[in-house]
Amino acid sequence: MNYLKKMTGGNLMEELLVNIIHYPVYTLGPGKRVGIWLQGCSIRCKGCMSSHTWEFDKNRAIKIEQVTNILKSFGCKRLTISGGEPFDQHVPLQILLSSIRDFFDDILVYTGYTYEYLLNKHKNILKLIDAIVDSPFIKGLESELIWKGSENQRFFLFNKSLSNDYSLWIKKKKERVLQIINQKDKIVIIGIPYQKDAEVFINGEI
């Protein structure tokens, strides 16, 4: 992506822009998981609670080899990738996934692009992951389900061996289940709140 290359001035083949990596994550996928949030998003949905991940900040660049080592270091076999927009860094994303595919049993990716778009543009990347939650966040389309921020978003499972785990997870209601962690002197919220609650976080009312 020329836009990303212009913003970072880096080598797309060697680095990823990363916002945070955290373990354990309990709210974005079934079971205990490793979570990585990539930095940079060109979609920029209105009302997004993660607008701090929009900029393609070159100061967030990390060597893919280092990212791989960190993700594997927790010894956890489940991974969730979010953002930002992971597919805005599709070249390094594919390299990362190729390097970790044999280690992780369950890789879930959140994306603002639709499945149909990704199937047309990035089919090879879809082959490296087990499940996606797709489509942009739309303010005003509230959802009761734990895994999506707006009702238009969809879940696709590619690895049918994970059907039992995911069939239970996609039925869960939000019930205000969030993780709130302190990372590098910042409060980070992990999970997907109700939209009315997200507005409280965005407006700094907590």
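1. Arg154 has a relative accessibility of 29% and therefore counts as partly exposed, a class that lies between the cut-offs of under 20% for buried and over 50% for exposed. The structure discussed in this note is a predicted model.

2. The side chain of Arg154 meets that of Glu116 in a salt bridge, with an N to O distance of 2.7 Å. This pair links distant parts of the chain, since Glu116 belongs to helix H4 (residues 115-121) and Arg154 to strand S7 (residues 154-157), 38 residues apart. Glu116 is likewise partly exposed, at a relative accessible area of 43%.

3. A further salt bridge joins the side chains of Glu55 and Arg44 (3.4 Å, N to O). Both residues lie in the loop between strand S2 (33-38) and strand S3 (61-63), so the pair ties together parts that are eleven residues apart in sequence. Glu55 is partly exposed at 42% relative accessibility, and Arg44 is partly exposed with a relative accessible area of 27%.

4. Glu151, by contrast, is partly exposed, with a relative accessible area of 42%. The closest N and O atoms of this salt bridge are 3.2 Å apart.

5. Salt bridges also form a network, which links Arg33, Arg78, Asp106 and Asp165. The count for the model comes to ten salt bridges. In general, side chains of opposite charge can pair when their charged atoms come close.

6. Attention may now turn to helix H3. Which residues of helix H3 (residues 90-100) are buried? They are Pro92, Leu93, Leu96, Leu97 and Ile100.

7. What do the buried residues of H3 pack against? Their partners include two helices, H2 (64-73) and H5 (123-126). The strands against which they pack are S1 (15-25), S4 (78-82) and S5 (106-110).

Definitions and conventions: Residues numbered from 1 in each chain as written. Predicted model: local features only at pLDDT ≥ 70, side-chain atom pairs only at ≥ 80, totals over all residues. Heavy atoms only, no water. Salt bridge = Lys/Arg side-chain N within 4 Å of Asp/Glu carboxyl O. Helix = DSSP H or I, 4+ residues; strand = E, 2+ residues; numbered from the N terminus. Buried < 20%, exposed > 50% of the residue type's maximum accessible area, 1.4 Å probe, protein only. Contact = heavy atoms within 4.5 Å.
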